[in-house]
Amino acid sequence: MPDSSETYNPVNAKRTILVVDDEMINREILCQILKDKYEVIQAADGTAALDIITDRCDDLSLVLLDLLMPGVSGLELLKRIRNTKEFRQIPIIVMTSDSESEVDCLRMGAADFISKPYPQPEVILARVERTVELYEDRKLISSTEKDNLTGLYNREYFFRYAEEHDKHHKKLSMDAILLNINHFHVINERHGKEYGNLVLCCVADNIRKVLLRGSRGLACRTEADTFLIYCRHGQYDMELLDKLSGGLPEDSEVAGNRLRLRMGVYSDVDKTMDIERRFDRAKIAADQGRNTYEQTISYYDTKLHASHLYAEQLLEDFQEALKQGQFQVYYQPKYDIRPETPVLASAEALIRWKHPKLGMISPGVFIPLLEDNGLIQQLDRYVWREAAAQVRRWKEKFGVTVPVSVNVSRIDMHDPDLIHIFKTIIEENGLSTTEYHLEITESAYTDNSIGIIDTVKQLRVFGFSVEMDDFGSGYSSLNMLSTLPIDALKLDMKFIRTAFTGRKDTHMIELIIDIAAYLKVPVIAEGVETEEQLTTLKKLGCDYVQGYYFSRPVPPEEFESFITAGR
Ligand code: C2E
Ligand code: CA
Ligand code: CA
C-alpha cells in the first residue's frame, strides 16, 4: 500500500503552486507575494501549463489561472482540468478583470476568484491559503473513502453507500457477496507482498469489470484478501468466478497454479436487516468453501440458516455449559501392538458436550465453532486440567500411570503462556512430563511453521512428548519433517479408510511408516475398526493402534476396565 506521504506533502514541506499568466509582470507579482510560503512555478501559456500539470499533477496544490490568454484560453484550460480524472482534484483560482465571467468559472469548478487589478497582497495570500487548506481536507476525506491499494471503497464507506443506495432504489432486488482468495497468505509468503498486492489489484479490477459494470453495484476490500460486493440480484456461475480470478500476469508463477476464489452469496437480501448482518450471511455462505482448494460459490439458504441458528445457540450456551459441567472428558485407549498381545499404552482425552436440550453434541461440530470464535482456549484449558487430574486419580487408585494425551489447538500454539500453563497443570497434579502427552495437528505446523516449531521445541525441552496428529492431512515438506521436533506420528484416519475400502491399497500407510522410521519415531494408527486392519498394520510395522476395534472413547469409569484388564 503506498505510504500516505507519497500522496500528500509532508506537513512542513512547501506546497507547490502553478501560476499561469501570459504577462510576465503578473506572474512576477504573484511570485513575490507567494514565494515565502509556497514553491511557485510559472507557465506563460495554456500549453505549457498543461505540460506541467500532466507532469506534476500529484504534487500541485493549486493553480492560479489567468482567464484571458492567447492560444489555449484560461477557460479552456479550466475545462480540460476539470474533465481529466487525474487532474480533477487540483483546485483552481481564476484571475480576471471581467467580473461577468465569475459565475461561469465557479460553475465550471473553479475554487475561487481573484479580480484584476490585484487586491492587497494579504488578501491574495489569505485566499490562496484558504483554498489550499480546504482542498487538502477534502482530499484527505475522499482518500479515506477508498482503499489505497485497490481503489475500491473501504468498509465504512461501503456500508454507508450501500445504505444510501437502498434509500434511492427501494424496489431493486440486491445480492450481498463476499469474495475471498483461498490461501492468500501462501501467495504472499511464496511470492512476496508486492506480488500479493498485484493479485489483490487484479481481483479488484475484475470485480469492477465483471460485477460492477454499468453501475450495477459497489464494492470494497476489507481485511487483506476479502472483498464485499453489493450488486443487483443476478445469477453466479463458475464461468463468472473464473473471470474474477483470471487476468494475472502471464508469466506469473501463481497463474500456473491459478488463483482460487470462494464466493458466498446472500441472494435477494432482506432490506429490513442491518446492512452488516447481510454481509455476515454472505460470509457464513463463503465459509462453507473454506477448506477446499477449489473455487466455490455457496449460497446462504434455509439449511445454512438453520445451522447458523444452531451455531449461535451453542455459542450463546457455551459459558454456562462450562460452569455447569456439561462438558465431559472421555478417554480412548491406545494399544501397543508390537507385543504378541496388545498392551494398553496410553489414552487420548476427547471432549463431549452433553447439552440439556440438544443432547450429545459431537466435537466435530462445536470445536471448529469455538475455534472460530476464540473460545476454544477456555475449553482446552478445562480438558487439560481435567485430564491431568484423571491421570493422578488413576495413579492413586491403581498404582500405575496411564499417560493421557490432550489435543492442543492451533490457536493455543500462539499463546505465549502455553508452556507455563502445562507446567502448572502437571505440577498441581504431581505428575512428571512423561505422564502427559500433547497432540498437535500437522496443519498447525504448516500454518506458521517457524513460530510453532519453536514452541514445540520448548515444550520438548521441558520433557513433554509431542505427537503429530492427523499426519498426512497437512502439507509438511520433507525438508521441514527432517528438522521437526516430534515424538510420534499419528496417521490420519483417512489413510486407514482408503486403504481398506474398494481396491485395497496400503501404499500411503507404508510410505508414512517409512517416514516415521527415518525420523526414528513410532507410528500411531487411529480409526482402526477391524481385525483385518489391525493385523495388516501390525505386519507393516505400525507401533500403536487406537480405534473402535479396541474401544470407542468412553467415560473415565468405563475406561477403568482396560486398566484392570491389563494387570
Ligand atoms: P482427533 O484428535 O483426530 O480425534 C480422533 C477422533 O476420531 C475422535 O473423534 C475419535 O472419537 C474418533 N475415532 C477414534 N477411533 C475411531 C474409529 O475407529 N472410527 C471412527 N470412525 N472414528 C474414531 P471425536 O471425539 O469426535 O473428536 C473429533 C475431533 O475433535 C478430534 O479429532 C479433535 O480434533 C477434536 N477434539 C476432540 N476433543 C478435543 C479437545 O479437548 N480439544 C481440542 N482442541 N480438540 C478436540
Ligand atoms: Ca487427537
Ligand atoms: Ca487425529
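Author: Two strands pair if DSSP finds at least two bridges between them. Strands are DSSP runs of E, at least two residues long, and helices are runs of H or I, at least four, all numbered from the N terminus. Now the ground rules. This is a predicted model: local features need pLDDT of at least 70, side-chain atom pairs count only at pLDDT 80 or more, and totals for chains, interfaces and linings use all residues. Side-chain values use heavy atoms, leaving out hydrogens and water; residues are numbered from 1 along each chain as its sequence is written, while chains are lettered from A and ligands numbered from 1 in the order in which they are written.

Reader: Let me try a sheet. In what order do the strands of the open sheet with β1 and β2 stand?

Author: The order is β2-β1-β3-β4-β5, five strands with parallel pairing. The edges are β2 (39–43) and β5 (112–115). Each has a single partner strand, so one side of each has no neighbour in the sheet. On average, neighbouring strands are turned by 20 degrees against each other, direction ignored.

Reader: How many bridges join β1 and β2?

Author: Five, in the parallel sense, with β1 spanning residues 16–20. Find leucine 18 and look across: isoleucine 41 in β2 stands opposite.

Reader: Which strands does helix α2 touch?

Author: For packing, check contacts (heavy atoms within 4.5 Å). Then check angles (0 to 180 degrees between N-to-C directions, with axes fitted to C-alpha atoms, for helices over the stretch in contact). Helix α2 (residues 24–34) touches β1, β2, β3 (60–66) and β4 (92–96). Its direction makes about 170 degrees with that of β2. Helix α3 (residues 46–56) packs on the sheet too, touching β1, β2 and β3, at about 140 degrees to β2.

Reader: Is threonine 131 buried or exposed?

Author: Threonine 131 has 3%, so it is buried. It sits in helix α6 (residues 121–145). Leaving aside residues up to four places away in sequence, it touches Leu62, Pro91, Ile93, Ala111 and Asp112.

Reader: What is the pairing in the open sheet that holds β7 and β10?

Author: Mixed, with five strands in the order β7-β8-β6-β9-β10. At the edges stand β7 (217–222) and β10 (296–299), each with a single partner strand. The twist averages 20 degrees from one strand to the next. Strand β9 (residues 261–266) pairs with β10 in the parallel sense over four bridges. Within that pair, methionine 263 has isoleucine 297 in β10 as its bridge partner. Helix α10 (residues 238–245) lies across β6 (174–181), β9 and β10, at about 125 degrees to β9.

Reader: Now the metals. Which residues are the protein donors of the calcium ion (ligand 2)?

Author: Look for N, O and S atoms within 2.8 Å of the metal, or 3.2 Å for Na, K and Ca; water is not among the atoms, so sites may look incomplete. Here they are Glu348 (OE), Asn407 (OD1), Glu439 (OE) and Asp469 (OD), 2.2 to 2.4 Å from the ion. Glutamate 348 lies in β12 (residues 343–355) and asparagine 407 in β14 (residues 404–408), so the pair ties together parts 59 residues apart in sequence. Glutamate 348 is buried at 3%, while asparagine 407 is partly exposed at 24%.

Reader: Which residue bridges this ion and the calcium ion (ligand 3)?

Author: Aspartate 469, with the two ions 4.0 Å apart. The protein donors of ligand 3 are Asp469 (OD), Asp470 (OD) and Glu526 (OE), at 2.0 to 2.3 Å. Aspartate 470 is in β16 and glutamate 526 in β18 (residues 523–526), 56 residues apart. Glutamate 526 is buried, at 8%.

Reader: How many residues surround ligand 1?

Author: Count residues with a heavy atom within 4 Å. There are 22, and the closest are Arg352, Asp380, Met493, Glu529 and Tyr548. A polar side-chain atom of arginine 352 is 2.8 Å from an oxygen atom of the ligand. One from serine 409 lies 2.9 Å from a nitrogen atom of the ligand.

Notes:
Buried means under 20% relative accessible area, exposed over 50%, partly exposed in between (1.4 Å probe, protein chains only). A polar contact is a pair of N or O atoms within 3.5 Å; within protein, one must be able to donate a hydrogen and the other to accept it, and residues adjacent in sequence count only if both atoms are side-chain atoms.
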